[in-house]
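Here are my notes for a first pass through this one. Have the viewer open as you read.

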Amino acid sequence: MEPGNQTYASEFLLLGFSVKSEIQFMLFGLFLSIYLVAFTGNLLIFLAICSDSHLHMPMYFFLSNLSFADICFTSTTIPKMLMNIHTQRKTITYEGCLSQIFFFIVFGCLDNLLLTVMAYDRFVAICHPLHYSVIMNPQFCGLLALGSWCISVMGSLLETLTLLRLSFCTNMEIPHFFCDLPEILKLACSDTLINNIVVYFATGLLAVIPFHAILLSYYQIISSILSISSAAGKQKAFSTCGSHLSMVSLFYGTGLGVYLSSAATSSSRMSLMASVMYTIVTPMMNPFIYSLRNRDMKRALSRLFIRIVPLSVRTITGLS
């Protein structure tokens, strides 16, 4: 590569959804609506769990962390995408791109690890019910949550900091609506061997191992449930992990779709649509999965609304 064809990036160009202006307006309204639903839904779940003493249990403690992570996960990419659509400017600074990559990996990995911790919680609840309160004590739950946060941050730092050693070609166009790490590596003119090794190592540590841990947990859970003699007991046991299993299926199903679509086709359009499902639709669906399938959550949300509505009325009345 000629020296003149290399540069230290000052900004990248996010191509995103390259469509006509009238369709851009529709996309802006669609993604804004999805973002508001995802943000509001996860915020309500988080507030309901924090404010209701009946939900101060390990399963809901981890769910509150997951809801907070989903708020941050969607806020990492969607606001910038909406601003680019609105202003018709598709640039993002080099620093902004690195920040987006860092937080995207942090909260994506955190989702993954929290789902793994929640699978372990369901494993203990169903396979060792008599020792549940002893094993899943508040201190241990706090350590599991803190460990998930620390591992996610350290893994993201490892992947992001290795980008600082790269120089980039004159083509700075990213065929995506956010700074996706694999797309950034494709633009690099310098050797990316170390970066690829780090990515594979982090993926194995933060994605493959947790996924196998979830599979192992559910293997033990299903084996334990099948050993229950009564049909009512089996149904009750299955219902306690139904919401979590739905979230796991949605998270890994859409995530796997991103990588399969990237591997199976060179079409950036297919990869883009798969990424929309993974980064936007999945965080939006999680609150509905838990609130619609869980009676305790429905009651907590009702009590939260009862407290919020009078407060809002008093605030509006006072302003008037």
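This is a predicted model: local features need pLDDT of at least 70, side-chain atom pairs count only at pLDDT 80 or more; totals for chains, interfaces and linings use all residues.

**Notes on the model**

1. Residues are numbered from 1 along each chain as its sequence is written, and side-chain values use heavy atoms, with hydrogens and water left out.

2. The chain has ten helices and five strands (DSSP runs numbered from the N terminus: H or I of at least four residues for helices, E of at least two for strands). Of its 320 residues, 46% count as buried, meaning under 20% relative accessible area with a 1.4 Å probe, protein chains only.

3. The unreviewed UniProt entry places "transmembrane region" at residues 23–47, 59–78, 98–120, 140–158, 197–216, 237–260 and 272–292; such annotations may be inferred rather than shown by experiment. Take two of those spans: residues 98–120 are 100% helix, with end C-alpha atoms 33 Å apart, and residues 140–158 are also 100% helix, with their ends 27 Å apart.

4. Now for the second largest pocket, with a volume of about 500 Å³. A pocket here is an open set of points on a 1 Å grid over the protein atoms alone, with protein on both sides within 12 Å along at least five of seven lines; a cavity is a set where a 1.4 Å probe fits but cannot get out, and lining residues have an atom within 4 Å of a point. Volume is the space filled by probe spheres set on the points, which are joined across faces, edges and corners.

5. Which residues lie nearest the centre of that pocket? They are Tyr60, Ser239, Thr240, Asn294 and Asp296, out of 20 lining residues. Helix H8 (231–264) is one of the helices that each supply at least two residues of the lining, and H8 gives the largest share, five residues.

Terms used: Buried means under 20% relative accessible area, exposed over 50%, partly exposed in between (1.4 Å probe, protein chains only).
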